[in-house]
Amino acid sequence: MSTIRIENVTKIFNGEVVLDNLSLNIPSGKFFALLGPSGSGKTTLLRLIGGFEKVDKGKIYLGDQDITDLPINQRNINTVFQNYALFPHLNVFDNIAYSLSLKKVPKDIIEDKVLKALKAVNLEAFVYRTIDQLSGGQQQRVALLRAIVDEPDVLLLDEPLAALDFKLRERVLIELIELQEKLKTTFIYVTHDQFEALTVSDQMAIMNHNGEIEQIGTPKEIYEFPVSSFVAQFVGTTNILHGALLKDQDSYYIDVHGLGKFEIQVPEHKKWMVSESGTKIDTRAMSIRPEKIFITKNVTAGFSNVVEGIVQTIVYHGRSTQYNVRLKNDITLQVFEQNEEHFPQEVIDYDNTVYLYWQKDNVVLLER
Amino acid sequence: MIKIKNFLGNISLPLFVSLVFLFLYLPLVILIVFSFNDAPFPAPWTGFSLKWYHELMDSPEIWRSFYTSVVVGVSATFLSIMMTLSLIYYNLMGGKLKKLLLLFYGNILVPEIVLAVSLLCFLTFLSIPLGFLTLIISHTILCSGYVLPIVYGRFLSIDKSVIEASLDLGATMSNTFFKIVVPLLKPSLFAAGLLAFIISFDDFVLSFFCAGSDAQTLSLFIYSMIRSGVSPIVNALSTILLIFSSLLVMVFCYLNIKTKIF
Amino acid sequence: MKFKELIKKEKPFFGVSLSFVWQGLFFYLPLIFIILLSVIQLSTIPGYYKIGLANFLYFFNLSYINIILKSFGLALINCVLCFIVGFPIAYFLAFKAGRFRNLFLFLLILPFWTNFLLHVYAWFYVLEKAGFLSNLLLFFGFIKEPIGFLNSYWTILLVMMYCYLPFMVLPIYSVLERLNKNVLEASADLGASSLQTWFRITLPLSLSGLKSGFFLVFVPSFGEFAIPGLIGGDKYVFVGTVITQFILSNGSMNLGAAFTLISSIALIGLIIAMYLVGYKYIKNFGKIDD
């Protein structure tokens, strides 16, 4: 069992509380991502798991084992460092074989394992090269192999793609997914890039600037059903409208000042946000993803919500076109329209008056 | 007119520098050339001869001084390096060292004559006989002032994540010291060791006071020879030492280019 | 078992404490000892001693103060000479040497790595009576009899500058080498002549190298006794000479210790004084005059 259980962990640096009473359960054998902006404490959390820092309060468990006070080298957890941290004076073979050589594994077994690992990433020709002869991508692979060759329970990855160029990044992401599926080792991947997190993870946690976990869930849950405006805005782009939450018989509405009422769906677990009498209460926020809005110059039927606006900005993104539309009350909404056709039937231009339509099912009521 | 002025302007600096280098090397060249002179004096050239070199090789006093200088140099270098490594090891194992390191920086700040005189008085007071031992003691103090900043400075600039990686992969700190830190320090250890040896080998002031009457380093030998006047044997010795030093400098420069020590 | 574990755990501490003990015993203790020694006066009755400042008062007369000042003068002039000769060399190496830079550096470092006595000897060989220079002049008929060039203040300075030159050049070179060349080009672009650029830009920017070079030359030059002794003979007496005389002769160790202390304090005082004077002057270097 290689679950990581973090219980009420607090970490203070120079008087500043980076992590405050944080608890988190990371499931065994899954690819887990820890996503957050710079300074959110995600790297600190990773380093606490790896043993590079000591917790000030709380406990950390690997499976059933309490590893809180265990030194770095006794934890069966290996790390892929952001700058790779390869040993400059050892060649590729010796770098990868390092952990095995410490355990006094017989030479022929070491050779077998290392060569097999290198073959899996097509680097067997580089086996006796020195580190400075490798490109960035190759170094990153070696760092990865070095960390997994002795089959740790958990693999920690600290922004491993930060130093790679864009095309390489995509390729490596896929390779990491395949690797994790094959090894079934628990991967904990720390990044500030939401695209990476969404791509690789089975489950992810979002941390905010205060070192708190905003939401935990699968990528789809996080993206489609964000819990807070922070998550909605950090993962992907979104439009957030504020207004009073009203109940009218069995329907719910958000009344946006200056724009009118927009129908939303309130699932069971969010019913606590509505007061019984259905009268006007506190201001709530709702999130609509730009790709969920249908933009057209013509009046159309069949949608729960509509609003009118004027096109201010048009940005061409290749796969999609982004429109920034200014509404009556000076709020701007972003809309993504997929470029489905070479010659679209309707051409939308600057300063056009357009109608934005969306369904109530595609709106998310944010809890905070 | 302007062309001539430019030419003069452009050539004045290189000319000056060349003259200075000429000045630096002319006496040495004269020295070397006349070590092959048949006559025993800076008298005109009488013929090519290697006899002074033969005399040099046959002189037991020179060999003894050379032996003393080498043993003292190697010992002082070895002890300085060991001390520096012990400090690094202690730091890795969690010891607090930062401020205490400053205690070692005085060794090169204090004028050598003050150090030499202090050691002489102190060692005499302790009734330690002056000789080999006192030479090694004094030279170690001098050498560690050079070795420590160089090697410890290099240690501080090692990427910390490499050490963390080693621990992460299962090595103890002790393992890490021997398998990772020391190998990474090898170039600077070599350079600092070379520097320390040269400083000890060429040292005069410390040896002058701390050698006593029993021991004599090569520097002291040359000093006594100069006092008694010019001798072509010293020319021969100088030539050999110059060649020896040139080789060492070439090795050092080569290493410096290869591994970027400084 | 517990004791064995304790030793294993504290192994690094033992190694380190040895180093500190060594340093304390052979560096700090001797320095403290010499301070103590200087305040102890030996009396005529063996075994008895007094504590007082009489040793210091012994040196409070004009001739010894003169010696200290002369050493100061020697060291200062040596510094200035090394600077005048050394700065252009450093400048040349940093900016104009091009492909030959490594060669010149090698040639500069080489004397630094050889015994300085060899260099003294080389000059001895050239300059002594019936030495090389004398023979050369005789040969060309410039002089009638062999002459010696030693035993002169200027010869001492010459040899000292010769020996200490690399110590001034290398720090300045390393600072200049890290300088952004564009800054000098910008100065020329804005209309400054070479001299103006040097005075207002290059020199202020190389100040830290100058300071290092100054210290590397000044402090040892102050206590120098080998070169004056060999080149100048017994005619020229400096601080180092006095210390040597007193320390090495029987019974006057205490006096020697006192004089060592006096000259050390004088050295520190002179350095502080120069620093204060220099700081006030150099602070406004290169800035536009009001």
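In what order do the strands of the open sheet of six strands in chain A stand? The order is β6-β7-β8-β3-β9-β10, with mixed pairing. The views below come from a predicted model, in which local features need pLDDT of at least 70, side-chain atom pairs count only at pLDDT 80 or more, and totals for chains, interfaces and linings use all residues. Residues are numbered from 1 along each chain as its sequence is written, and chains are lettered from A and ligands numbered from 1 in the order in which they are written.

**View 1. The open sheet of chain A has six strands.** Strands here are DSSP runs (E, at least two residues), as are helices (H or I, at least four), numbered from the N terminus. Two strands pair if DSSP finds at least two bridges between them. β6 (77-80) and β10 of chain A stand at the edges. Each has a single partner strand, so one side of each is left without a neighbour in the sheet. Neighbouring strands are turned by 15° against each other on average, direction ignored. Angles run from 0 to 180 degrees between N-to-C directions, and axes are lines fitted to C-alpha atoms, for helices over the stretch in contact.

**View 2. Helix α4 (residues 136-148) of chain A packs on the sheet.** The helix touches β6 and β7 (154-158) of chain A. Contact means C-beta atoms, placed from the backbone, within 7 Å. The direction of α4 makes about 175° with that of β6(A).

**View 3. β9 (residues 203-207) and β10 (residues 213-217) of chain A form an antiparallel pair.** Four bridges link the two strands. A:Ala205 stands opposite A:Ile216. A:Ile206 has A:Gln215 as its bridge partner. Five residues lie between the strands of this hairpin, where A:Gly211 takes a positive phi near 75°.

**View 4. Chain B meets chain A through 15 residues, in contact with 16 of chain A.** On the chain B side, α7 (160-168) and α8 (173-202) each give two or more residues. α7(B) gives the most, with six. By class, this side has eight nonpolar, four polar and three charged residues. Nonpolar covers Ala, Val, Leu, Ile, Met, Phe, Trp, Tyr, Cys and Pro; charged covers Asp, Glu, Lys and Arg; the others, Gly among them, count as polar.

**View 5. Chain C has 58 residues in contact with 55 of chain B.** Helix α1 (residues 2-39) of chain C supplies the largest share of the chain C side, 16 residues. That side has 44 nonpolar, 12 polar and two charged residues.

Methods
Two residues are in contact if their C-beta atoms, placed from the backbone, lie within 7 Å.
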